Structures are given as C-alpha cells and as structure tokens.
Amino acid sequence: MIQPQLSFDGDPNGLAYERWREQFCRQVANVDFVPVGDGRVHRTIAPAILPRIRLSASFGSPISFVSLGTNDELVITTSPNSALSGTMGKRPLEISAGDVTIGDPSIKGAYITQIGNGNFRTALLPRKALLRVCPNAEDLIAGSIPGANPITSMYLRYYDLAHAHADKLAPAELDAVSQHLFDLAVLMIGAHGDVAEEARTRGLAAARLETLKSDILAQLDSPALSLAVLSAAHRVSPRTIQLLFEQAGITYSGFVLEQRLLRAERLLRNPAMRTRKIIEIAHLAGFHDVSYFHRAFRRRFGQTPDDVRKLSGGSS
C-alpha cells in the first residue's frame, strides 16, 4: 500500500499537485486544499492522533481548506500568525491571527482560508461528545474566541505540548492528555455548572502543571527562574503553583532541583562537554552556588560530579 504524501512544495498547476490533492487532501484528510493566488504552494503537515481528538499542525503558503461535507466532527481552528477568512454555510468567518474559531466540516463547500504565510492548527473533536457537555458549541461556529483569554491561551499551549509529544507517550498517558485537551476545549467554548467544574479540576489543573513544567525546563539555567516569575507569566498565585506540584506528589522546589541535577548529570556524561569545567556545568544546569551544587549532587547520585565525569571517560 502506498503511503500518502503528507506535504507538498511545488507548482499547483501541475500533475504532482493534483495527485497530492486527490490522494492525501481529499481521500485522507477529507478536505480539499485550494491554492490562493498564482504562486508556488508550500505546505508541511504533521498529524497527531489522540483518543477522541485528531490534531493537525501545518505550515505554509496561503491556501483555502474546503470541506467535502463527509466529516461530522467539529474542528477547532487557529493560526498564530495569519488571519483567517471564509464561510460556514451562511455564516461569514473573519478571524484575527492568534484567535480561535470553530468550523463545521459537515457543511459541503464550507471553507477557511489562511490569508498569509504561516501556521494552521486544527483539532477535530467528536460532535456528539462535545455537544453533550457544551450544548452551545454549534452556536459558536464561525465565531471568534479571543486567543488572549487565559483559558484559550492555556488550550493553545497544551495543544502544542500534546502535538509535540503524542508519539512518545504510552497509551494511558495519551488517553489522559487527550482528556485534558478536551476539557480545555470545553472550558474555552464555555461549559457551565458541574461540567465546567469537572473540567477545571481534571483538565485545567493537569494542563497548567504540564505547561509550568515546560516553562521551568526552558528556563532551568536562568538565575531569574522563580515562583514569582512563573506566577506572573501564568497569571496564578505562587501558592497555586505550589499546590499543583503538591497534588502531583512533589514540591515546586523539589522538581526544580531534581531537573537541574539530572541536567548536570547528563552534561557531565556528554563527551562534547568534557572540556568544560565543573563550575561551568553547574551554571549550565542552573546552579549558581557551586558548593551547594556539589552537596546536592552527591546526595542525589552518591558520587561527586568529578566521579561521574571520570567514570564516563572524561576529566574535570
């Protein structure tokens, strides 16, 4: 069986584009990709399949995504760097870059156009499951959900994490991530009552913890990393951050220390880092008190940093 080509880069007027459009766009994605303008078409597509939700993150030149009317799911759509326009049946669609909309692929001929070069992200959710918890979801089709809303921002960040790591997760982890993303979508669309409370308790808390961890890892070597900085960036109190970590069975400071120690240990074993001094390794891992680094490292690994490096074939 020939695997469909996920991406295209070339002249939209030739046979190659028509073949890709038929074999992948129409037959696999159930969407027609109609070029905008006369220039070259470039589109890279990276799908991620989760339980209950199908994600697709793509990048490329302006293009119209036209529904074939064969899909009964609802699609949450956004472009962080291009405005979107189109129609969903009789509803006009005009969405600013960074905002979110809901599309209805069951409407044949409904379309969304990515006006400029950029990213295009979709999440296909089962219509019946979504309407069960969000009866108003269809009322928001073609409407604009501001990307600056805290819940929308959290949804978009967790979408990126889920998409990036979906192929590395065990089935149980993948199921949990899918549920958390669904919960965030429900909150973003506007669930109320017990449904909203359950989504906040389950999905929002888990997503917030994972985005906090992601931010911590990105800033691990920075002396500016602190509860105050994180709480300002995530618009929650320092105590809320501490509670999220405690509910997961670890303290905030314990998580940061463990990740810094693990990074230091990886760096010490890395042959490419053999010429770097121990003090430099400590700084790269986020330790700016070298004496504390040596004590913490020995407590964690039962060896000094020097010992680990020598056993890995390096020298200090």
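Student: How much accessible surface does the chain have, and what share of it belongs to carbon and sulfur atoms?

Tutor: The accessible surface comes to about 15500 Å², and 54% of that belongs to carbon and sulfur atoms. Areas here come from the Shrake-Rupley method with a 1.4 Å probe, and for residues only the protein chains shown count as cover. Keep in mind that this is a predicted model: local features need pLDDT of at least 70, side-chain atom pairs count only at pLDDT 80 or more, and totals for chains, interfaces and linings use all residues. Residues are numbered from 1 along each chain as its sequence is written, and side-chain values use heavy atoms, with hydrogens and water left out.

Student: Which residues touch the most other members of the largest nonpolar core?

Tutor: Leu 55, Ile 76 and Tyr 155, out of 58 residues in that core. Helix H4 (residues 171–189) gives the most to this core, with ten residues. A nonpolar core is a set of buried Ala, Val, Leu, Ile, Met, Phe, Trp, Tyr and Cys residues joined through side-chain atoms within 4.5 Å. In soluble globular proteins, nonpolar side chains tend to be buried together.

Student: What does Tyr 155 touch, then?

Tutor: Leaving aside neighbours within four places in sequence, Tyr 155 is in contact (heavy atoms within 4.5 Å) with Ile 76, Ala 123, Leu 181, Leu 184, Ala 185 and Met 188.

Student: New topic: Thr 78. Is Thr 78 buried or exposed?

Tutor: Thr 78 counts as buried because its relative accessible area is 6%. You'll find Thr 78 in strand S6 (residues 74–78). A polar atom of its side chain lies 2.7 Å from the backbone oxygen of Asp 99. Not counting residues up to four places away in sequence, the residues that Thr 78 touches include Gly 98, Asp 99 and Val 100.

Student: How about Leu 124, which strand is that in?

Tutor: Leu 124 is in strand S11 (residues 118–125). Leu 124 is buried too, since its relative accessible area is 15%. Val 236 comes 112 residues from Leu 124 along the chain, and their C-alpha atoms are separated by 29 Å.

Student: Which residues have a positive phi without being glycine?

Tutor: Among them are Ala 142, with phi of about 75°, and Arg 235, with phi near 55°. Most residues other than glycine have a negative phi.

Student: Where do those two sit?

Tutor: Both are in loops: Ala 142 between helix H2 (127–133) and helix H3 (150–165), and Arg 235 between helix H6 (227–234) and helix H7 (238–247). Ala 142 counts as buried because its relative accessibility is 9%, while Arg 235 counts as exposed because its relative accessibility is 57%.

Student: Last one: where is Val 28?

Tutor: Val 28 is in the loop between helix H1 (15–26) and strand S2 (31–35). Val 28 is partly exposed, because its relative accessible area is 41%.

Notes: Helix = DSSP H or I, 4+ residues; strand = E, 2+ residues; numbered from the N terminus. Buried < 20%, exposed > 50% of the residue type's maximum accessible area, 1.4 Å probe, protein only. Polar contact = N/O pair within 3.5 Å; in protein donor to acceptor, adjacent residues only side chain to side chain.
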